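Reader: I'd like to go through the salt bridges in this one. Can you take me through a few pairs?

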Amino acid sequence: MISVEEALEKVLSYVEVLEPEQKPILDCLGQVLAEDIYSTIDIPPLDNSAMDGYALRAEDTHGASESSPKYLIVVGEVAAGSVPTKKVRVGTAIRIMTGAPLPEGVDAVVQFEDTDEVNRKSSRRDLSQIGVLCQAEKGLNVRGRGEDIARGDLVLKKGKVLRPQEIGVLASLGRSTVGVIRRPIVAILATGDELIGVHQSLTPGKIYDSNTYTIAAEVSRYGGIPKILGIGRDSVRSLVEKIDEGLDADMLITTGGVSKGEYDIVKDVLAERGEIDFWTVCMKPGKPIAFGIMKEMKRAKRRKVPHLGLPGNPVSSMITFEQFARPAILKMMGKKTLAKPVVRAIIENDVVNTDGRRIFARVMVTKHGSQYHASLTGPQGSGILTSMTKANGLAIIPESSRGVKAGDIVEVQMLEWAEEQGEIKMLPVVSIVGKSQSGKTVLVEQLIIEFKRRGYKVAALKHSRGGMEIDRPGKDSWKFAQAGSDAVYISSPDKLGFIKNLNHDLNIDEIMTTVDPEFDLILAEGFRKSKTPKIEVHRKAFGDDLLCSREELSAIVTDTPVDTDITQLPWGDTVAVADFIENNFMGTIKGEGKCSP
Ligand code: AMP
Ligand code: MG
């Protein structure tokens, strides 16, 4: 058995970067640029306006304000796409639209909102004059010629992967086609006497061929062109016939027929028709894999095509595709980054490693605050393809380990980003707001006691306007901070504290990125500007009005009924407030038992 890395190295050593082709820019998404792109033009080609407004001389607006506007004579108008015919002289302006070239004499544009145009229009006053309500600096709302790209600039370098923005830049340069490394053609053959196609009806003993579809979709996803060969039967003749149809491709992928069974003859065909390189890799699932070079027999040219014989089990074939075929396709496309992104996550289940292979466990990774968590997607049988549909990552259990325990940190190869799943469980944060002295602190204190009683881990968040004094002058931690350390951690047998110097007052979202994800609830006092759910403490003695607007609040805690349709909870009834928070903001955590042990 060889390691995953050794196997990958062998596969990659057999594939080369393909040749470039010239194509319409819109067909190049995800492909690698095969030429340096220089600009033959300035972008923008002329100085132009960044706003709809009035083009003028900044000097003429000096001293202008809402209370004493500067009045200018309007001598014309210029729209985007036209060329100005008039000049701006002292005391005049030209009405201008976004993107229109600046008329001669102009050095600033004042947007409509900073003029009296709207008032003039509504009171049907003369528009041959305009009042400017603010003082403009030279260059205001002016986009300079060549500001984005200057003629002769190297705009995009060879090797760049084309994303929508690069395709847009190519269009802005007037390019309709571009040279890119061509996409590899990957021939796909499913093998097995038990397989039937999706258009046939299911008969006893048969199953639908799903691998063809998974693998073809994978090939497309990573930028290759799938060439579907269909289903090969478990006989040398059938396989050879089908394989021959695929030998004009850049790579051949077969699934099935590589284990030790009697009918597993893919490797025999490979041995006979080509050169077999390896066929067992130290991984689970996916131990039996064949790799080699298939030789064409028919044509005079005798092409040699790299052949990956993936295992038949649907999960195994997909995971081995991800480990070996995907990097090979990316290499052929000229890409430099071949690895999938890896995150470190807390695994939420035990995984036992019985036979010293590298386990790729199907997991769903979610993000709690700044910490990733990975939980197994159910039964891990290599035939259970739905375990992949529920997964967004593969947790890697090293071959050297006996397994991992829930709570351990594992590396997870992300198939998609955790953030893209739309199921990210954030730590619930609830702010208790209210006027000064209204009793916010008392309520937070009582809620902490109540949530602790209910078995939750609670953290409190308090804003201190006057700075903090835990790092007292003379203490070692203070000395470290004085010496310039960006943050100081102080640990003792029963507490951990951390003091970080800031250059601005953090908002709750920023603070949350530093919070330990083990908590079930964060109770904040104050932070009325944050977007987190807010509950306002309202006491009659402090006035009838509320501090926050009604739309901002989730509930109020009050000692007198208020005429409003938002939830009102009685002041003094901490249990009711805790119930409200638990039912409305802690559902995902409590309902799924993910965070609370
Ligand atoms: P094999 O590697 O050919 O022994 O196949 C292993 C298992 O995967 C068997 O249960 C096959 O029925 C199943 N299998 C093989 N090829 C496919 C396929 N194309 N689609 C779905 N299942 C398959
Ligand atoms: Mg088979």
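Reader: Is Arg221 buried, partly exposed or exposed?

Author: Keep in mind that this is a predicted model. Arg221 has a relative accessible area of 41%, so Arg221 is partly exposed.

Reader: Which residue forms a salt bridge with Arg221?

Author: The partner sits in the loop between strand E27 (409–414) and strand E28 (429–434), while Arg221 belongs to helix H4 (residues 211–221), so the pair ties together parts 195 residues apart in sequence. The closest N and O atoms are 2.7 Å apart, and the residue is Glu416.

Reader: What about Asp244 and Arg273: are they buried or exposed?

Author: These two side chains meet in a salt bridge, 2.8 Å from N to O. Asp244 is in helix H5 (residues 236–245) and Arg273 in helix H6 (residues 266–273), so the bridge ties together parts 29 residues apart in sequence. Buried means under 20%. With Asp244 at 9% and Arg273 at 7%, each counts as buried.

Reader: How far apart are the closest N and O atoms of Glu104 and Lys87?

Author: Glu104 is exposed at 53% relative accessibility, and Lys87 is partly exposed at 41%. The salt bridge rule asks for a nitrogen within 4 Å of a carboxyl oxygen. This pair forms a salt bridge, with its closest N and O atoms at 3.8 Å.

Note on methods. Residues numbered from 1 in each chain as written. Chains lettered and ligands numbered in written order. Predicted model: local features only at pLDDT ≥ 70, side-chain atom pairs only at ≥ 80, totals over all residues. Heavy atoms only, no water. Buried < 20%, exposed > 50% of the residue type's maximum accessible area, 1.4 Å probe, protein only. Helix = DSSP H or I, 4+ residues; strand = E, 2+ residues; numbered from the N terminus.
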